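Me: I would like to go through this structure with you. Could we take the sheet, the aromatic residues and then a helix?

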Amino acid sequence: ERSSRSSESRCRWNNTCFRRPPSDPRHFASPQTLLIDLDRSEKMVARSDFRLVGTNRDARSPSIDSFSSTVTVDVANNKPDASPCLLIRAEDASEPLADRSAPDGDVAPSAIVVALDSPSRPEVAAILQRHDARLVHVGADLLRGLREAAPDRLAARVGDYNENLMYEMRGGDLDVAGIIRSAGRRLDDGGDGSARDDGGMPVDDVRDFETSLRRALGHDDLRYRGSFMRTDVSIPQPAHVDYDYPVLSEHGRRLHLAFFPLTEEGCYLQLWQHEDDAEVETEGTVVHIPHGRMLIVPSDTIHGGGFRRGPTGNLRFHLYVELLGDGNTEEEEDGGPRLLDRPVNRYTERHDRRRELCERYVDARGLDRLVGTFFD
């Protein structure tokens, strides 16, 4: 769903980027926290009933985005020195904030979250078509092997402001079977008669998994790199892409992303449809990927995770897929870039790094009612 709004109202009620649990001392998403776009609303800084409490650049890891600068304000001129986005907290705000929630009353999760249970269901088919996405099956033995191979504690934390996502990237030379073996895991034969290698690895599931990838992407020669992910607490992740824009511009057509859950809870993702008009606001679509399904999307898909429902933190596997051919293998042999080593989240606009994507790619309507109720 899309709507066009004034720049001031858009920035004032889009708190997607800055949510934290209420118990967190860095929590900025109270009903009286405003995000002001100072390029268009410099006068707001001069109001006596507001005070500056932070910026969207202050807390982000410099390695995550090309902008790592903070903002200083010239008090005399009431203008920002660098980034246009400041967080302003109302001390005694006289006017109520705009409410972009669903209407009062209980919100059914099914009205907000779409289960990607079958590509033949019209609502699912429409989402797949809108995002040029694919939905494929993943075998139960393979899922169990990866789940058992996952570390108890993941090594790194995603460096966006919310800091609620943990991940651990695996080496680019490992396929899914190699990831399981490298963790010292061995699957029991189970007596089901399925084909397994000497280590008990379900050969059929590995072959079917990679065949499904090739068939879904229409390409015989590909490689992939995987990362385990887990959510500590539900805070919707800001809208972002997973590669820097120069990489997407030059190589994006042969790069894809994939997501699949490793536990029965499944996993959740918010997707946004690209909108070329920078003044048009786009609401996200929250999807549930069931256990046994994998969602594949193009590399430039604007998306965000950060959802937890259940005790496992929705343990999942995130794939970066590269289609080979057209000289890219030779490029690497000549010292060129290895694309699967270069994923990095970008939260800013492609053509204007001063602006956050989340200023106009906003949460699905009613999602805030599910955080802390449906989502943990």
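This is a predicted model: local features need pLDDT of at least 70, side-chain atom pairs count only at pLDDT 80 or more; totals for chains, interfaces and linings use all residues.

Me: Which order do the strands of the open sheet have?

Reply: The sheet has 4 strands in the order β7-β15-β13-β17, and the pairing is mixed.

Me: Which strands stand at the edges, and why is one side of each left without a neighbour?

Reply: The edge strands are β7 (113-115) and β17 (302-304); each has a single partner strand, so one side of each has no neighbour in the sheet. On average, neighbouring strands of this sheet are turned by 35° against each other, direction ignored.

Me: And β13 with β15: how many bridges join them, and do they run parallel or antiparallel?

Reply: Strand β13 (residues 267-272) and strand β15 (residues 285-289) run antiparallel and are joined by 5 bridges. Strands of a sheet pair through backbone hydrogen bonds, either parallel or antiparallel.

Me: What stands opposite Tyr268?

Reply: His288 in β15 stands opposite Tyr268.

Me: Is Tyr268 buried or exposed?

Reply: Tyr268 is buried, because its relative accessibility is 7%, and the cut-off for buried is under 20%.

Me: Turning to the rings, how many aromatic pairs does the structure hold?

Reply: There are 9 aromatic pairs. One of them is Tyr268 with Phe375: the ring centres are 5.0 Å apart and the planes stand at 85°, so this pair is edge-to-face.

Me: Where do Tyr268 and Phe375 lie?

Reply: Tyr268 is in strand β13, whereas Phe375 is in the segment after α8 (367-370), so their pairing ties together parts 107 residues apart in sequence. Phe375 is buried, with 0% relative accessibility.

Me: What about the rings of Phe307 and Phe375?

Reply: Their centres are 4.9 Å apart and their planes are at 40°, so this pair is tilted. Phe307 lies in the loop between β17 and β18 (316-323), 68 residues from Phe375, and the pair links distant parts of the chain. Phe307 is also buried, at a relative accessible area of 1%.

Me: Which residues form the aromatic cluster?

Reply: The cluster consists of Phe209, Tyr224, Phe228, Phe260 and Phe317.

Me: What lies over the face of Phe374?

Reply: Arg309 does, at 3.9 Å from the ring centre.

Me: A change of topic: where is Ser249 found, and is it buried or exposed?

Reply: Ser249 is in helix α6 (residues 245-251). The residue is exposed, with a relative accessible area of 55%.

Me: How many residues apart are Ser249 and Arg350 in sequence?

Reply: They are 101 residues apart in sequence, and their C-alpha atoms are 9.9 Å apart in space.

Definitions and conventions
Residues are numbered from 1 along each chain as its sequence is written. Side-chain values use heavy atoms; hydrogens and water are left out. Helices (H or I, at least four residues) and strands (E, at least two) are DSSP runs, numbered from the N terminus. Buried means under 20% relative accessible area, exposed over 50%, partly exposed in between (1.4 Å probe, protein chains only). Two strands pair if DSSP finds at least two bridges between them. Axes are lines fitted to C-alpha atoms, for helices over the stretch in contact, and angles run from 0 to 180 degrees between N-to-C directions. Rings of Phe, Tyr and Trp (its six-membered ring) pair if their centres lie within 6.5 Å; planes under 30 degrees apart count as stacked, over 60 as edge-to-face and the rest as tilted. A charge sits over a ring if NZ of Lys or CZ of Arg is within 6 Å of the ring centre and within 35 degrees of the ring normal.
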